[in-house]
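Visitor: Before I look at any details, could you show me how to read a sheet, the helices packed on it, and the confidence values?

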Amino acid sequence: MAKLDRLGWTDGISFVAYGRRVGIRVNASRMLERIARCLPPGWKPSSDPLVERLYSFVAGGAGTSSRVRRFHLLYSGASRIARTLDLEDLQQALTTDLQLYVAEMARRRLFVHAGVVEWGGEAIVIPGRSYSGKSSLVAALVRAGATYYSDEYAVFSERGTVCPFRIPLTMRTGSPENGKVRSLEQACKTLEAKPAPVGLVVLTNYRPGVKWHPKMLSPGSALLGILAYTVAARTRPRAALRVLSKVVSQTPVLRGERGEADEMACQLLDCMSQSQFSRHGIRPGFQGQKG
Amino acid sequence: MDRMVIQELSDETLVYDLERNRALCLNRTSALVWRYCDGRTSFEQVESVLERELELPDGEEAVWIALRQLQRNHLLRDGLNVPETAKHYTRRVFLTKMARVGAAVMVPMIISIVAPTAAHAATCINVPCRGKGQGGRGSGDGRNGGFCPEGSVPGQACGPPDCTCVCKKAGAILRCTP
């Protein structure tokens with residue numbers, strides 16, 4: 001760390017996000033504008049020089065000789081977490097590491113890897129990892145008129161409500177092996193970001209040609225299902241169980257494979273509108289079964 | 001119970017094993033048996049409780065099935081001596097027997113998951129695997145620079161089919177490395 005401290009740092013930023021103080025220092029002031037795009041939603045600048053996590057963003061680029069190119073480097077504390085010739089990749093590495101840190105260590109919030117939209121005052125939460133199709137489903141729900149909250153994290157408060165975590169909606173194209181990403185312009189309603197009670201949790205993944213026939217999970221099974229995507233499951237299990245038990249005690253949780261996102265989005269919103277879900281059964285008109 | 005976090009739901013009990021980082025869900029029957037595994041309650045008393053609370057014609061089988069599950073999931077402090085007569089009790093046989101006498105009961109059941117690490121629970125970043133020489137960081141699904149998927153062995157491939165990354169030991173963790 002001492003070696004790193006001796007490098008020439010020209011500028012930096014200190015901020016608070018979800019109760020955690022983070023600092024980022026750079027060796028070239030022009031990098032600050034790029035870094036501002038990497039900060040997590042809801043960040044606030046801080047004047048406190050003491051931080052809990054310090055990133056060092058080293059912009060490389062051309063050296064003194066035209067044949068020499070220096071790598072761009074990113075450190076978290078004394079650990080190097082990225083080394084690349086592509087500045088965009090370094091930014092992405094910073095974004096992801098920052099989000100992961102905040103998600104794991106946030107005070108008074110529980111982060112679950114999930115897509116979230118709001119409809120009629122209630123949130124639909126879609127937990128899932130990469131390549132499960134949750135971003136596609138979130139995009140389809142937004143196209144159908146739901147309000148975008150997040151396609152990355154469901155941020156639960158201590159009371160079990162869910163808060164927006166608005167970062168640009170991104171979707172992968174092609175196969176997982178291809179791994180290409182494209183940013184999708186998404187139409188957000190410009191509403192004040194406020195927590196919403198959870199109206200429905202959907203544990204699903206995409207399989208072509210499948211019709212959605214979900215089962216309703218018991219509260220205990222539902223909690224385990226959501227815990228599998230909870231970032232702080234190991235670091236704060238007490239808080240995780242406490243918050244998630246509030247969610248599953250008052251919200252139906254469905255599990256099942258789904259087909260095309262647009263079709264499923266219409267089904268979900270239709271059912272939410274008609275309040276067809278209840279904790280003890282699903283009314284006719286909805287292809288589901290209690291499990 | 002210091003190594004456990006317990007959360008009661010209406011009919012189920014959630015247990016988080018802090019030593020093994022496992023989360024378990026006990027249904028009503030299993031939870032009831034576990035509650036009385038307190039070192040003071042006899043087997044016959046537990047049997048009576050189950051017969052009374054769950055309206056079981058015979059609680060012995062349910063108690064043994066529950067106890068074996070509890071032991072398998074490290075929820076009993078002491079070892080369990082299962083008598084020969086009880087070793088053949090299974091959930092399926094129990095359920096069939098109860099169905100024959102018209103008793104609607106909840107078969108003792110415990111489901112569990114391994115709690116994910118932070119990286120495993122979160123998304124992979126949008127940096128595709130590039131094989132050799134590139135940076136980037138993944139998390140949990142084998143992208144180069146990230147943590148190797150669960151069950152990985154050092155030296156094995158850890159990325160998608162067109163990725164040349166392999167699992168390498170970096171201190172105490174396994175990283176997916178070009």
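Guide: Let us begin with one pair of residues in this predicted model: Glu8(B) stands opposite Thr13(B), which belongs to β2(B).

Visitor: How many bridges join β1(B) to β2(B), and do they run parallel or antiparallel?

Guide: The two strands β1(B) and β2(B) run antiparallel and are joined by five bridges.

Visitor: Which helices pack on the sheet, and what do they touch?

Guide: One of them comes from chain A, namely helix α5 (residues 219-227), which touches β2, β3 (22-26) and β4 of chain B, its direction making about 165° with that of β3(B). Helix α1 (residues 28-35) of chain B also packs on the sheet, where it touches β1, β2, β3 and β4 of chain B, and its direction makes about 105° with that of β3(B).

Visitor: In what order do the strands of this sheet lie?

Guide: The sheet is open, with four strands of chain B in the order β1-β2-β3-β4 and antiparallel pairing. Its edge strands are β1 (4-8) and β4 (110-114) of chain B, each of which pairs on one side only, and the twist from one strand to the next averages 15°.

Visitor: Where in chain B is confidence lowest, and where is it highest?

Guide: Where pLDDT is low, the predicted coordinates should not be read in detail. In chain B, strand β6 (residues 173-177) has the lowest confidence, at a mean of 63, whereas strand β2 (residues 13-17) has the highest, at 96. Over residues 124-144 of chain B, pLDDT stays under 50, while the chain B average is 75, with 66% of the residues scoring at least 70.

Note on methods. Residues are numbered from 1 along each chain as its sequence is written. Chains are lettered from A and ligands numbered from 1 in the order in which they are written. This is a predicted model: local features need pLDDT of at least 70, side-chain atom pairs count only at pLDDT 80 or more; totals for chains, interfaces and linings use all residues. Side-chain values use heavy atoms; hydrogens and water are left out. pLDDT is the predictor's confidence in each residue, from 0 to 100. Contact means heavy atoms within 4.5 Å. Two strands pair if DSSP finds at least two bridges between them. Axes are lines fitted to C-alpha atoms, for helices over the stretch in contact, and angles run from 0 to 180 degrees between N-to-C directions.
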